[in-house]
Amino acid sequence: MGHDHIRYDILAQDALRGVIRKVLSEVAATGRLPGDHHFFITFLTGAPGVRISQQLKAKYAEQMTIVIQHQFWDLKVSESQFEIGLSFSDTPEKLVIPFNAIRGFYDPSVNFELEFDVPLVEEQEDSAEITAYPVDATAQPTEEGEAKTDEKKEGSVVSLDAFRKKH
């Protein structure tokens, strides 16, 4: 089998991140979430371009999950990142999150999830695995701005690794 000079894995990852970008852009344009939709977004706090307060960085040294549901403000979406205002323990915070720092996106109202195997900042991996599958709505917020998402989710897993040449 030949070498993948096109890098389909990167193209697919960018396309799936485009789904998140499109959804957040529509929410930013209207200023509200449609219907019962709400989002859990997990991202690497140490990824390049992530901007969060020192208090949040100290509490979530590697990754963090935010919940976009009832209380958020100043949502701005660009091609490469989004900015959002959220409250954590009654403290307003502004977060800037590049799309390539996102590890997971979950909308429990329709059991839709995207997961990206983004290496931690210390890890030096040159490949990423992406899975997209419907899941049970098992993730529950533990406090405003964070969610418990460690449970294994049932579903049909689609992994791009099966289509990628192993080095």
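View 1. Lys94 is exposed, with a relative accessible area of 52%, whereas Glu83, at 16% relative accessibility, counts as buried (buried means under 20% relative accessible area, exposed over 50%, and partly exposed in between, with a 1.4 Å probe and protein chains only). The two residues form a salt bridge in which the closest N and O atoms are 3.3 Å apart, a salt bridge being a side-chain nitrogen of Lys or Arg within 4 Å of a carboxyl oxygen of Asp or Glu. Glu83 sits in strand S4 and Lys94 in strand S5 (residues 91–98), 11 residues apart; strands (E, at least two residues) and helices (H or I, at least four) are DSSP runs numbered from the N terminus.

This is a predicted model, in which local features need pLDDT of at least 70 and side-chain atom pairs count only at pLDDT 80 or more, while totals for chains, interfaces and linings use all residues; pLDDT is the predictor's confidence in each residue, from 0 to 100. Residues are numbered from 1 along each chain as its sequence is written, and side-chain values use heavy atoms, with hydrogens and water left out.

**View 2. Arg21 and Glu79.** In this salt bridge the closest N and O atoms are 3.9 Å apart. Arg21 lies in helix H1 (residues 8–30) and Glu79 in the loop between strand S3 (73–77) and strand S4 (81–88), so the pair ties together parts that are 58 residues apart in sequence. Arg21 is buried at 19% relative accessible area, but Glu79 is exposed at 61%.

**View 3. Asp9 and Arg7.** The side chains of Asp9 and Arg7 meet in a salt bridge (2.7 Å, N to O). Asp9 is buried, at 7% relative accessible area, and Arg7 is partly exposed, at 31%.
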